[in-house]
Amino acid sequence: FTEIYNTVSGRKKVDGIIAIDTHVLQKILEIMGPVDVYGYKYSAENDKRCNCPQVIYELELYADKPAGYLRGERKDIIGALMNSIMRKILSSPPRQYWGQIFQAGVEEIQKKHILAYLYDETQQKGVENFNMGGRIKTYDGDYLHVNDVNFAGAKSNMYVKEAVEQKIETAGDGTITKTVTINYKNPQPPDDCSLERGELCLNGELRNVLRLYVPKGSILLDSNGSEVKVTSYEELDKTVFEGFLRVRPMGSAQIQLKYQLPFKAQKGKEYKMLIQKQGGKGGEEYIVNYGSRTEKFTLETDREITFK
């Protein structure tokens, strides 16, 4: 973002970038109730037109609905909405919203729905100490970061459920082989919509570029489910396995990667793993199988696992 911003003429000097996703907006409206903008109310209540929060549908409709004129500021409604929210918070008694908003803010940061990148190195260190920087971490042990990128125009990420299973096998000489299986499922019917009628098509085909960040030096042994050949390269001091898949409404897809870790298990020592959550995502179901032991959890923030 910074690289692109620096090419804009007449740009203002800024201290950094703060990224806030729609989960934060939804959470605030759940606490405060509906907010009025230009005489129209936005709320977190479910909208039957999309089976999603009403505010999400209306913002997408405002930005993407076809118009018979050129709109240079098609997302300016976001600024107006945030101003209305701030006015409502600041004009309310402190006991009414402030405590809940503060607590929600802390939780949203930990769940990586709010990220920050500040140009001042000292300030950025403070941001990262609060786990707000979104940095791929250095870790002494096993590591996994599942990164999905939606290259389609629709908002099918709202509906796709993701489940990740890891099977860890250790040979007699300590060699560690991992099999990571990721299942994607979209239970929502496709939208019966038409852009010509001014309707939104939020739930369409998900065209997903998948990247698995694993310990540097890991070797890909086998792969299944990717529509293209899985490639392997190094980035951010990690080895990355990259593939591609599609998930259609009411459909599912699975991708499986088998690889060997660059280190060996040592008898009598703990097996440690760090799983880093991708910013903007949430609620993925994880299963980790290590020998006869199994860990099951929902990934809402970074998680460290230790097997004795």
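**Contacts and surface in a predicted model**

Biologist: In which strand does tyrosine 117 lie?

Modeller: The model is predicted, so local features need pLDDT of at least 70 and side-chain atom pairs count only at pLDDT 80 or more, while totals for chains, interfaces and linings use all residues. Residues are numbered from 1 along each chain as its sequence is written, and side-chain values use heavy atoms, with hydrogens and water left out. Helices (H or I, at least four residues) and strands (E, at least two) are DSSP runs numbered from the N terminus. The run of residues 114-118 holds tyrosine 117, and that run is strand S6.

Biologist: Is tyrosine 117 buried, exposed or partly exposed?

Modeller: Buried means under 20% relative accessible area and exposed over 50%, with partly exposed in between (1.4 Å probe, protein chains only). Tyrosine 117 has a relative accessible area of 42%, so the residue counts as partly exposed.

Biologist: What area does the nonpolar surface patch of Val14, Tyr117 and Tyr119 have?

Modeller: Patches take residues with over 30% relative accessible area and no salt bridge, joining like charges within 9 Å and nonpolar side chains (Val, Leu, Ile, Met, Phe, Trp, Tyr) within 5 Å. Areas come from the Shrake-Rupley method with a 1.4 Å probe; for residues, only the protein chains shown count as cover. For Val14, Tyr117 and Tyr119 the patch comes to about 260 Å².

Biologist: How many residues apart in sequence are the parts that lysine 281 and aspartate 148 tie together?

Modeller: A salt bridge is a side-chain nitrogen of Lys or Arg within 4 Å of a carboxyl oxygen of Asp or Glu. Lysine 281 and aspartate 148 form one, their closest N and O atoms 2.6 Å apart. Lysine 281 sits in the loop between strand S15 (271-275) and strand S16 (284-290) and aspartate 148 in strand S7, so the sequence separation of the joined parts is 133 residues.

Biologist: What angle about the S-S bond does the link of cysteine 50 and cysteine 52 have?

Modeller: A disulfide is counted for a pair of cysteine sulfur atoms within 2.5 Å. The sulfur atoms of cysteine 50 and cysteine 52 are 1.9 Å apart, and both residues are buried. Their link is left-handed, with an angle of -90°.
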